[in-house]
Amino acid sequence: MPVTDKALPIDPVAFAAELIRCPSVTPAEGGALDLLEERLTALGFTCHRLPFEEPGEDRVDNLYARIGTAAPNLCFAGHTDVVPPGNASDWQVGPFEGTVKDGVIWGRGAADMKGSIAAFAAAAAAYIKAQGTEAGSISFLITGDEEGPAVNGTVKMLDWLDRHNEQIDHCVVGEPTNPHELGEMIKIGRRGSVNMVITAQGKQGHVAYPHLADNPVPHLVAALAALDALELDQGTEHFQPSNLEITTVDVANEATNVIPATARARINIRFNDRHTGQSLIDLVKNTVSAVAAKRDATLTVSAKISGESFVTQPGPFVDLIARSVEHVLGRAPELSTTGGTSDARFIKNHCPVLEFGLVGETMHKVDERVPAHDVEQLTAIYRRLIDGYFAEAAAFAAEKQSRG
Ligand SMILES: [Zn+2]
């Protein structure tokens, strides 16, 4: 079976290097979206640039591109923005030189995630050249705001799609999902995340006259001990156990002879599909209230949900990408929900979404790089995915319908 297609109208390795040469550190577009738009337009895609802004946040440019009008619409989602390179002189090669040397593509964004964008563009180009767009549509949902606050990126693009009756039916996100080797891991979901602040309000006073004061620190410590003792769950079919971490305890009391007035702690919970952000907020509030009642203390909780957990249940779409990996690499990938959050947390409200990309070992680090061979193999995997998807287009269109 051929791993590389000599007839590709886009060379994924050269294209990845070209994208790396665009210095697109969030929120700068850096020429990366222009370059992608130019290539996709040449292939026949209809491109929409979608810059968004709002007060207090940087203006961010984004790109939605689609070829074909038929359903289903297979979408590739990703980001052209990159994290800053840090001290450029610490790098073996310039972070934005786009150097390909001894079979390795070097530079900021090589793994996260210009390499996978180039691979999907090359795979789509080859498919379109061979098969056209009769069986369905291919689209790109590319933001310039994934590594930043993610306010003017994917969320607003998805709203734009809704407003324009633009439907995406299944989505693959090109984040670097493999810990060490290509083909190790597909992400089929992510844990949720919620942050909370616990505040103990006491009464300031002299340490020598404790009956005239109310020390908030023991109240807070008791509340934290109760929270730390909670067992949230034992894990679920697709998830590891949920985890509550106390991330900081702050009293900021400089004096040795003063009982402080307030004490504060922060917790973060990474949670699985047994919980929602709100159910955990309720649990923490109830636990803290019980401590407060017992101690006659004033303890309050404020909370912010960063994202809910989600999982794309194993089924035809999960099978298809797993089989595509196995076909090209001869290994069965693990289906995982580990790691931090990604833009998949927004896309899952619109259609089934999976994540599969390059090896993430060097992402966000000095000397970010990927083997050129990995980008070629990933192109072959994406091509297999596209072929398989449109070969069963009717079934995939029906799967989306049945989900409502
Ligand atoms: Zn990324």
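Predicted model: local features only at pLDDT ≥ 70, side-chain atom pairs only at ≥ 80, totals over all residues.
Asn165 sits in the loop that runs between helix H4 and strand E7 (170-173). Check its backbone while you're there: phi is positive, about 50 degrees, even though Asn165 isn't a glycine.

Next, click on Ala150. You'll find Ala150 in the loop between strand E6 (137-143) and helix H4 (154-163). Here too is a positive phi, about 60 degrees, in a residue that is not a glycine. Is Ala150 buried or exposed? Its relative accessible area is 12%, so Ala150 is buried, given that the cut-off for buried is under 20%.

Now go to Pro27, in the loop that links H1 and helix H2 (32-43). Show the backbone and look at the bond between Thr26 and Pro27: it's a cis peptide bond, with omega about 5 degrees.

Time for some helices. Select residues 12-20 for helix H1 and residues 110-131 for helix H3. Two packed helices are described by the angle between their axes and the distance between those axes. In this pair, the axes come within 8 Å and cross at roughly 135 degrees. That's why H1 and H3 are called oblique to each other. The crossing of H1 past H3 is right-handed.

Which residues of H1 meet H3? Show side chains for Pro12, Phe15, Ala16, Leu19 and Ile20. Across from them, on H3, the partners include Ala110, Lys114, Gly115 and Ile117, along with several alanines such as Ala118 and Ala122. Sorted by type, the residues of this contact come out as 11 nonpolar, one polar and one charged.

Stay on H3 and pick Met113, which lies in this helix. Its link to Asp112 is a cis peptide bond, with omega about -10 degrees.

The backbone oxygen of Met113 is 3.2 Å from a polar atom of the Ser116 side chain. How buried is Ser116? Its relative accessibility is 0%, so Ser116 counts as buried.

Leaving out residues up to four places away in sequence, Ser116 touches Phe76, Gly174, Leu358, Leu378 and Tyr382.

Key. Residues numbered from 1 in each chain as written. Heavy atoms only, no water. Axes fitted to C-alpha atoms, helices over the stretch in contact; angles between N-to-C directions. Helix = DSSP H or I, 4+ residues; strand = E, 2+ residues; numbered from the N terminus. Parallel < 35°, antiparallel > 145°, perpendicular 65-115°, else oblique. Left-handed = near helix turned anticlockwise from the far one by under 90°. Contact = heavy atoms within 4.5 Å. Nonpolar A, V, L, I, M, F, W, Y, C, P; charged D, E, K, R; others polar. Buried < 20%, exposed > 50% of the residue type's maximum accessible area, 1.4 Å probe, protein only. Polar contact = N/O pair within 3.5 Å; in protein donor to acceptor, adjacent residues only side chain to side chain.
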